[in-house]
Amino acid sequence: MLTALGWSGAANHVSRTAGLSAMVRSWEERFGARVLRLGPDRLDLSVAAPPQDVRHAAEVAAEHWTFCPDRIMQDTGSLTAYAQEIRGRRSWSFWWE
């Protein structure tokens, strides 16, 4: 969907949007994610069915790190802390510097 909207990509992360768009599509299917805000350096999603258990949250956190490493490393500091943060959380925000 992001590519179809003409999104130019995550600023300073990747220039091609196809992979990021496919990941968001996967989150739409698995977690009921919906785009709330989209810009050249930001993406905010609402999440209907976020991961609830520790292991699943850790797996999703690894996907988020691949999608947007700045969000984890500069904001939360570690995958473990980030996994705890997104467990049960109904919104996910990503930003790229």
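## Salt bridges and buried helix faces

There are nine salt bridges in this structure, which is a predicted model. Let's walk through some of them, and then look at the helices around them.

Start with helix α2, which covers residues 54-67. Its 14 residues reach 20 Å from the first C-alpha to the last, close to the 20 Å expected at 1.5 Å a residue. The N-terminal end is capped by Asp 53, with a side-chain oxygen 3.2 Å from the backbone nitrogen of Arg 55. Arg 55 also turns up in a salt bridge: its partner is Glu 59, and the closest N and O atoms are 3.5 Å apart. Why can these two pair up along the helix? Side chains of opposite charge can pair when their charged atoms come close. Glu 59 and Arg 55 are four residues apart in α2, so about one helical turn separates them. As for solvent, Arg 55 is exposed, with a relative accessible area of 65%, while Glu 59 is partly exposed at 39%.

Now for the buried side of α2. The residues to look at are Ala 57, Val 60, Ala 61, His 64 and Phe 67, which are the buried ones in this helix. They cover an arc of only 110 degrees around the axis, so they sit on the same side of α2. What do they pack against? The buried residues of α2 pack against α1 (18-31), β2 (42-47), α3, α4 (79-86) and β3 (91-95).

Leaving aside residues up to four places away in sequence, His 64 touches Trp 27, Pro 69, Ile 72, Tyr 82, Ile 86, Trp 92 and Phe 94.

Along with Ala 83, Tyr 82 and Ile 86 are buried in α4. These residues cover an arc of only 105 degrees around the axis, so they share the same side of α4. The buried residues of α4 pack against α2, α3 and β3. On the face turned away from that buried side, α4 carries the exposed residues Thr 80 and Gln 84. Just after the helix, Gly 88 takes a positive phi of about 80 degrees.

Is Arg 71 buried or exposed? At 7% relative accessibility, Arg 71 counts as buried, whereas Asp 75 is partly exposed with a relative accessible area of 48%.

Another pair to pick out is Glu 85 and Arg 89, whose side chains meet in a salt bridge at 3.1 Å, N to O. Glu 85 is partly exposed, with a relative accessible area of 26%, and Arg 89 is partly exposed as well, at 35%.

Methods. Residues numbered from 1 in each chain as written. Predicted model: local features only at pLDDT ≥ 70, side-chain atom pairs only at ≥ 80, totals over all residues. Heavy atoms only, no water. Contact = heavy atoms within 4.5 Å. Salt bridge = Lys/Arg side-chain N within 4 Å of Asp/Glu carboxyl O. Buried < 20%, exposed > 50% of the residue type's maximum accessible area, 1.4 Å probe, protein only. Expected span 1.5 Å × (residues − 1). Arc of directions from axis to C-beta. Polar contact = N/O pair within 3.5 Å; in protein donor to acceptor, adjacent residues only side chain to side chain.
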